[in-house]
Every structure is written in C-alpha cells, then in structure tokens.
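Let us walk through this fold together, starting with a helix, moving on to a strand and ending at a pocket. Please keep the structure open beside you as we go.

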Amino acid sequence: MTEALPRSTVTGLQWPALPDSVGASLLAVHYQLAQSEWWPGARLAEASYRQLAALLRHARDTVPAYAQRLAGLPLDAPQALTGAWQQLPLLRRADVQALGDDLHSRAVPADHGQLIEYHTSGSTGRPLRGVETELSHFFFGALNLREHLWQRRDFAGTFAAIRTQVTDAHLPGWGRAIEAVFRTGPAVTLPIHTPLDQQLDWLLAHDPDYLLTHPSNLRGLLLAARDRGVRPARLRGLGSFGEQLPDDLRALCRDVWGLPLADVYSCEEAGYIALQCPQVEGHYHVQAEHLLVEVLDAAGQPCAAGATGEVVLTTLHNFAMPLIRYAIGDFAEPGPPCPCGRGLPVLRRIHGRARNLLRLPDGSRHWPSFPADDWLAVAPVRQFRLRQTAIERIEVDLVTARPLKPAEESALRQMLQSRLGHPFQIVLQAVADIPRSPGGKFEDFVCQIDA
C-alpha cells in the first residue's frame, strides 16, 4: 500500500492538508475510532452504554412506540441498564412494519441533519421503509473509511463494484466519505443483474485494483475466470458483502486469483455491523462504537463463544427512527477475544437466516454447505439453488453447461445426500437461469416448509 495523500481544500496548501468540514469531521471520528478499537471490552461496553442511555432517553420522550416500552428503565444510571435491558421485548421485522410512523421521533435534534429515507430489499418477504439522519449516515461513512484503512487499500487505485442500485458508470472517486479525506483513483460500477460473462468481460476491460460484490456473484466470476483461464492483471484485493459467506469461497479466491477476501457484515437498517479483522481471517469485529450487538439463544440469553444464536441490534446514533433490540433475522456465532489485540467484540461465523436452515426428519436443523468443487467434480454445474419443499424432499434448480448424463445426475444426488446428511428425495430440475432477489441477493438453499 502506498501512502495515502490527504485532500486539502485550502488554496496552495498541500501539506499538512486541511480538508473540508466533512473531511475534518471524518478524521476527528477516525482518530477516536483508532483508539477505541484497542480499548478493553469493559471500557468499550461502558462507553456504548453511555450512548445507549442517551438514545433511550430520546426514544422514550419523543418516539410514540417506545413511551411504554422504555418506561421504568434506569436511563439516568447507564451502569444499571444491563439487567433491565435484557427484559425488554425484541423488536421484529413484522413489528417494525406494524408500528410504522410510531417508530419515528417527533423531535429529531436539529443538529443531526436532514432525514434520509431508506428501503430494505424485501428478501425476507417483508420489505421495510425506514428513515435515518445525516448524522447516522455520516457514521456509515466513517466505518467505510475504517474498513478501507483496515484492509490497507491503496486509494490511488481503481475501485470496482458490481452490486445493486448502481448503473454502468465511471466515477471520479471512491465516494464522498473517502474523497472528503483522501485523494483517490477512479471507481467503476456495474449492476449485478448483468449476465456473468459480460461481468467478466467488463472486469477484464477495466482491470481494477479492487473488486467488491456479493459472495455468490464473486463465486460465479471466479469459476468463469477459471474456465477461461483469465485474470484481471492489476487486481490485488477482493471484498464481499450482503450474503452469507460460503465456507469454500476464501480458498477459491486464493486458488483462482491468488488473493485474500475481506468480507463485511452489514444490513440496510443499521449499516456496518461487523468488519473482518485485518489480522485474523474469519474474525469479524462488531462495530461497537456505532451499534450494540447481542447474540441470543432460544431463551433470550447471551450466547457463549462457539454457540449459535439470533442477532439482535440496537442502533446508537439514529435518533430519527431508533431500532432498539431489533432482531434482524440472522444467526451468528460469537468468538473469543481476538488475538489481534482489539477489544471490539468478535463474531466468528455469520450464518444465514432461519429460512436457510435445513430441517431433518428427526427434528434437528443445521446450515448446509455446498463447496463448488463438490459440484464440479461430478458435473458441469454453473449455478444451483436447493429448495426444501417437504421434510423428505429437496428440489434442485440447476444451470449447466450442457444437458447432464444419467450417471452425472446420479452422482449429484449421491453427493447432495452425503452433504445434507440424509437420504432425501433429490429432484433435479434444469433451468436456463436462477434469478436474484429484488435486492440482488442469492441464496443457494431455502427451506420452504412452514415452521
């Protein structure tokens, strides 16, 4: 990584640089984040609870939905919140839909800026409309800057993003939050619904230094590149977000392009939840300065390291529409303290949603895994999706390079039964394409049995 050049907005002043007000604020917050990430966990928790108490007082006094919910909490003594906090009911997606404008503050502080509306993709079947402030969106930018710096990206390079909500475009920089602080190279964007072969051609033509896309899309690009024996010559960093990370994708990135992968855990409602540790691959550091993250077991108690539980978020800086103990539908596994030395809490693994759990006839459930090499060892599979439509039945949509031979179909059924841990009835269905969700995401397994 070459040394990043700060951006100065004062005529004739090159160094030390003086950025504009947004850049100065981002640098001020980054200075604090660069210290707080090394605090012990107890000190981080204390600071988080001070901010939490301020948010809860505001929500109790100005948000109709929280007036009763938060009544009686010791909001003037943050250190006493811990016990009472766990008695608060969870807020679920259906609750957010039902409450509507009652979740909106009637008195957003003026210095938090204008309101910004956002919409979730609706991949759960429950699309949401929400609002945040310019201030809470600013923290998204600050954490975006932190992620780039953690991964030691060279801002002088070209950054490519294949994702939703973009056009096929060539941009002068990496985005407002980064350009306010540093001079950057250009960025290029492409809609994720572009056919995969065209994506690869586009990537080779632009030859960026960095690529950001969804894990499923990255897998498709890697397999297509391996088939064609091509590689973007300048590419030196890969990033992913928005979907569960398949177990084999990091190894595939190394095998095909010789590159590591930096994954990000985020959601539309809260922004960055956890960023991959820059030193320890597979560890995700919760962004505790911006939100409170709980991982809870079936009894609503915090999970120990190594156990899997439901992810529950509380946004600390959105005073327009606070989300307090919001169960986003994901499951994750907390990890032990990170050997990197950062005190930020660790998520060791992020699972999918409940609908991504396989159900076995004995009542047990688990998240299935389908490494690419298992498929390619027996058939020319280009894309797949499994749907559990009954307790003993798995329907498999397949996009293949050619019609499969009976022996290949038989081998696929045997491979899947082995991976799934049960002799399910496997129904293979050839399709021309498997579309993404409206939000551009892709799930390789969905359980369609009613709970």
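Buried here means under 20% relative accessible area, exposed over 50%, and partly exposed in between, with a 1.4 Å probe and protein chains only. Helices (H or I, at least four residues) and strands (E, at least two) are DSSP runs, numbered from the N terminus. You are looking at a predicted model, in which local features need pLDDT of at least 70, side-chain atom pairs count only at pLDDT 80 or more, and totals for chains, interfaces and linings use all residues. Residues are numbered from 1 along each chain as its sequence is written, and side-chain values use heavy atoms, with hydrogens and water left out.

Begin with helix 9, residues 249-257, where L249, R250, L252, C253, V256 and W257 are buried. Because they cover an arc of only 160 degrees around the axis, they sit on the same side of helix 9; that arc is taken from the directions from the helix axis to the C-beta atoms. An α-helix has 3.6 residues a turn, so residues three or four places apart point the same way. Across from the buried residues of helix 9 you will find their packing partners: helix 7 (196-206), helix 8 (215-228), strand 7 (237-240), strand 8 (261-267), strand 9 (271-276) and strand 10. Contact means heavy atoms within 4.5 Å. Just after helix 9, G258 takes a positive phi of about 65 degrees.

Leaving aside residues up to four places away in sequence, L203 touches P208, L211, P232 and W257.

Now turn to strand 14, residues 346-353, where 6 of the 8 residues are buried. Strands pair if DSSP finds at least two bridges between them. Strand 10 (residues 284-286) runs antiparallel to strand 14 and is joined to it by 2 bridges, with H285 opposite V346. Strand 13 (residues 326-334) is also antiparallel to strand 14, through 4 bridges, and here D330 stands opposite R353.

Strand 11 provides the largest share, 6 residues. Of the 29 lining residues, L292, V293, E294, V295 and P345 lie nearest the centre of the pocket.

Methods:
On a 1 Å grid over the protein atoms alone, a cavity is a set of points where a 1.4 Å probe fits but cannot get out, and a pocket is an open set with protein on both sides within 12 Å along at least five of seven lines; lining residues have an atom within 4 Å of a point.
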